[in-house]
Amino acid sequence: MDVATVARRARTENFPVASLLFPRRLRPHLRAVYGFARLVDILGDELEGDRLAALDDLEHELDACYAGEPTWPVMQALQPTIREFTLPREPFARLIEANRMDQRISEYETWNDLREYCRHSADPVGRLVLGLLRLDREPDVVDKSDDVCTGLQLVNFLQDVPRDLELGRIYLPAEDRRRFGVTALDTPNPELRLTLEHEASRARELLAGGALLQARIGGRAGRAVGLFARGGLAALEALERAQWDIFTQRPRPSRARLALAAFAR
C-alpha cells in the first residue's frame, strides 16, 4: 500500500457517528481533522515499507499547511480548516510523533509512561475538536478533554490486546502485569482478566470527566462530546458482559445502546 492509496482511504473512511450531533457548519472541518488522524494511524500501522520516512513526509505536508501549499489530498482538505480556526501545529505534530513512538517502543513500564504516550496519541484529537469550538484556550475544558481522550484510548487498548500483540506492541503497563502475575497475553487467563479490570477502573475515572465537559460546552456540541465519553463507558460495559473475553471477538456496545447514549442527558 503506497502513501497515495493510504491518503485516499483516510479521506473516504466512515465519519464517527457522534460527530453528526455537531452543528452542520462544523462537520466538514471535523471530517478534515478526522481524515488527518486516520491518515497518521494508517501510515503508522499498515503502510508497507519505511513508515518513519512516510511520517516524515507527512510532517513536511503539515508544515506546508502553515507555510505553503500541501500536495496530499487529505492535507489540502485540512489547510482551510487550520486557517479558519487558527489551529496550532502542535496537536497535529504530536499525533505524528505518537506513531513514531509506535515504531520505536513496544511496551511501557508504568502508567505514567503510557499516559505520556496518550498525550501524543489521544489528547491532541480532543484539543483540535476544542479548537473548532474555540474552547481550546480554556484550561479547565482542556484538562477534562485530555482525561476523556486518554480514557477512550485506554478502552481501545483493552479491546485490542490481541491485535496490538500481533503488531508487536503491548499497551498494558509492565508494572501492572507484574502486579497481577500476567505471563501470557495471547490466551485467556485469570491474571490477564484482573489486569483488564484494573485498567478498566482507571479508564472509568478518566471518562467520568465527560459529564462535566458536556455541561461546560453545552448544546448539541456538548452532547456530541459527551457521547464520546458515554461510548467509552458503554464499551467497558460490553467487555464486562463478555466476561473480559477479548479473544473470541472484539466486545463493543450495540448500535442500539449507542443510540440511547446519544439521547441521554
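Biologist: Why does L158 count as buried?

Modeller: This is a predicted model, and in it L158 has a relative accessibility of 1%. Buried means under 20% relative accessible area, so L158 counts as buried.

Biologist: Where is L158 found, and what does L158 touch?

Modeller: L158 is found in helix α8, which covers residues 139-159. Leaving out residues up to four places away in sequence, L158 touches L172, L196, E199, A200, L236, L239 and I246. Contact here means heavy atoms within 4.5 Å. There's also A203: L158 and A203 are 45 residues apart in sequence, while their C-alpha atoms are 9.8 Å apart in space.

Biologist: What makes D176 buried?

Modeller: Try the cut-off again. D176 has a relative accessible area of 4%, and buried means under 20%, so D176 is buried. D176 lies in helix α10, residues 174-179. Not counting residues up to four places away in sequence, D176 touches T195, H198, E199 and R202. E199 is also among the residues that L158 touches.

Biologist: Why is R127 called partly exposed?

Modeller: R127 comes out at 37% relative accessibility. Buried would need under 20% and exposed would need over 50%, with partly exposed in between, so R127 counts as partly exposed. R127 sits in helix α7, residues 123-132.

Biologist: Which residues does R127 touch?

Modeller: With residues up to four places away in sequence set aside, they're D136, V142, S145 and D146. R127 and P91 are 36 residues apart in sequence, with 7.1 Å between their C-alpha atoms.

Biologist: Which residues meet in α2 and α5?

Modeller: From α2 you have F36, V40, D41, G44 and D45, and they meet F92, L95, I96, N99, D102 and Q103 in α5. By class, the residues of that contact divide into five nonpolar, three polar and three charged.

Biologist: Which residues make the contact between α5 and α6?

Modeller: R94, L95, E97, A98, M101 and D102 in α5 meet Y117, R119, H120 and S121 in α6. That contact has four nonpolar, two polar and four charged residues. L95 and D102 of α5 also take part in the contact with α2.

Biologist: How many helices and strands does the protein chain have?

Modeller: The protein chain has 14 helices and zero strands. Buried residues make up 52% of its 265 residues.

Biologist: What share of the contacts links residues 24 or more positions apart?

Modeller: Counting contacts in the protein chain with a separation of 6 or more, residues 24 or more positions apart account for 66%.

Notes
Residues are numbered from 1 along each chain as its sequence is written. This is a predicted model: local features need pLDDT of at least 70, side-chain atom pairs count only at pLDDT 80 or more; totals for chains, interfaces and linings use all residues. Side-chain values use heavy atoms; hydrogens and water are left out. Helices (H or I, at least four residues) and strands (E, at least two) are DSSP runs, numbered from the N terminus. Ala, Val, Leu, Ile, Met, Phe, Trp, Tyr, Cys and Pro count as nonpolar, Asp, Glu, Lys and Arg as charged, and the others, Gly among them, as polar. Buried means under 20% relative accessible area, exposed over 50%, partly exposed in between (1.4 Å probe, protein chains only).
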